[in-house]
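User: I should like to go through this structure by question and answer, with the reasoning set out at each step.

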Amino acid sequence: MSDPAAPRVYPLRLYGDPVLRRKAKPLRVTDPLTVPGFGPQSVRQVADAMLETMFEARGVGLAAPQIGLPVRLFVAVEYEDDEEENEGKETPLRSRVLRDFVMINPVLKVIDKKKDRSYQEGCLSIPGIYEEGVARARAVQVSYTDLDGHAQVLEADDYLARVFQHEADHLDGVLFLDRLPAEVTDEYRKELLAIQQKSKAFLNELVRREQQHAVEQNL
């Protein structure tokens, strides 16, 4: 049954979920949003819950398709140090936040074309898999709309630039494994199959709950 209340955290969509491969649609700040399994919420409510979801999963960014919403929205955080250095530790992430970002309809422009492959990347939708070698521009400029409907422009380099590029990829249906040689992905065939099976089970359960809710509404 759908929960009309705004959730504290959302369930994450996993590798194999079709929503992760859809090109997300532009969004207006005033648009009502409905995350599957929940009632209508404002963009601000969704963004707040996305940040909580990201913190609970110990991530540095989260895009709307990762919670089942194919809209051009992502959240990200700059920590006091790189989160990859603290992967798996129990330090409260909120205590290390320098800045958080909510970006609506982000447009990235490369301002340093030199590619960096030195950082390890992972993805909350592909849990347990981390790889170096994903080539990302060293610096980017991001034009976006904030939660108040104001146009903003931000420049980022190094790790934060990588985070923004990773999340922007999600809005175009691109996963970080797509940017690695096929033989690298092949090494994770068993793990990816297991994640796909979890994804399929979640989607089946979501359909079952929605059908049950429809029946209850008609009683």
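Analyst: A residue is called partly exposed when its relative accessible area lies between the buried class, under 20%, and the exposed class, over 50%. The model discussed here is a predicted one.

User: Is arginine 21 buried, exposed or partly exposed?

Analyst: The limits to apply are 20% and 50%. Arginine 21 has a relative accessible area of 42%, so its class is partly exposed.

User: Which residue forms a salt bridge with arginine 21?

Analyst: The closest N and O atoms of the pair are 2.5 Å apart, and the partner is aspartate 178. That aspartate lies in the loop between helix 2 and helix 3, whereas arginine 21 lies in the segment before strand 1, so the bridge ties together parts 157 residues apart in sequence.

User: What is the closest N and O distance in the salt bridge of aspartate 17 with arginine 13?

Analyst: Aspartate 17 is buried, because its relative accessibility is 4%. Arginine 13 is buried as well, with a relative accessible area of 6%. The closest N and O atoms of this salt bridge are separated by 2.9 Å.

User: How many salt bridges does a search of the whole structure find?

Analyst: Side chains of opposite charge can pair when their charged atoms come close. The search over the whole structure gives a count of 16.

User: Which network includes the salt bridge of arginine 162 with glutamate 121?

Analyst: The closest N and O atoms of arginine 162 and glutamate 121 are 2.6 Å apart. Arginine 162 belongs to helix 2 and glutamate 121 to strand 6, so the pair ties together parts 41 residues apart in sequence. Both arginine 162 and glutamate 121 are buried. Through shared partners, salt bridges form one network of Glu121, Arg136, Arg162, Asp169 and Arg179.

User: What is the distance between the end C-alpha atoms of helix 2, and what span should they have?

Analyst: Helix 2 covers residues 158-171, and its 14 residues at 1.5 Å a residue should span 20 Å.

User: How many residues of helix 2 are buried?

Analyst: The helix is mostly covered. Of its 14 residues, the number buried is 13.

User: Which backbone nitrogen does the side chain of glutamate 167 reach?

Analyst: Glutamate 167 is located in helix 2. This residue is buried yet has no salt bridge, and arginine 136, the nearest side chain of opposite charge, is 8.4 Å away. Beyond four places in sequence, glutamate 167 has contacts that include Gly61, Leu62, Ala63 and Phe74. At 3.2 Å, its side chain reaches the backbone nitrogen of alanine 63.

User: Is alanine 47 buried or exposed?

Analyst: Alanine 47 is in helix 1, residues 43-56. Leaving aside neighbours within four places in sequence, alanine 47 is in contact with Val75, Val102 and Leu147. Its relative accessibility is 0%, so alanine 47 is buried.

User: In which sense does strand 5 run against strand 4, and in which sense does strand 5 pair with strand 8?

Analyst: Strand 4 and strand 5 are joined by seven bridges and run antiparallel, with leucine 73 partnered by isoleucine 104 in strand 5. Strand 5 and strand 8 pair over eight bridges, and aspartate 112 stands opposite alanine 139 in strand 8. For strand 4 the sense is antiparallel, and for strand 8 it is antiparallel.

Terms used:
Residues numbered from 1 in each chain as written. Predicted model: local features only at pLDDT ≥ 70, side-chain atom pairs only at ≥ 80, totals over all residues. Heavy atoms only, no water. Helix = DSSP H or I, 4+ residues; strand = E, 2+ residues; numbered from the N terminus. Expected span 1.5 Å × (residues − 1). Buried < 20%, exposed > 50% of the residue type's maximum accessible area, 1.4 Å probe, protein only. Pairing = 2+ DSSP bridges. Lys, Arg positive; Asp, Glu negative; His and termini not counted. Salt bridge = Lys/Arg side-chain N within 4 Å of Asp/Glu carboxyl O. Polar contact = N/O pair within 3.5 Å; in protein donor to acceptor, adjacent residues only side chain to side chain. Contact = heavy atoms within 4.5 Å.
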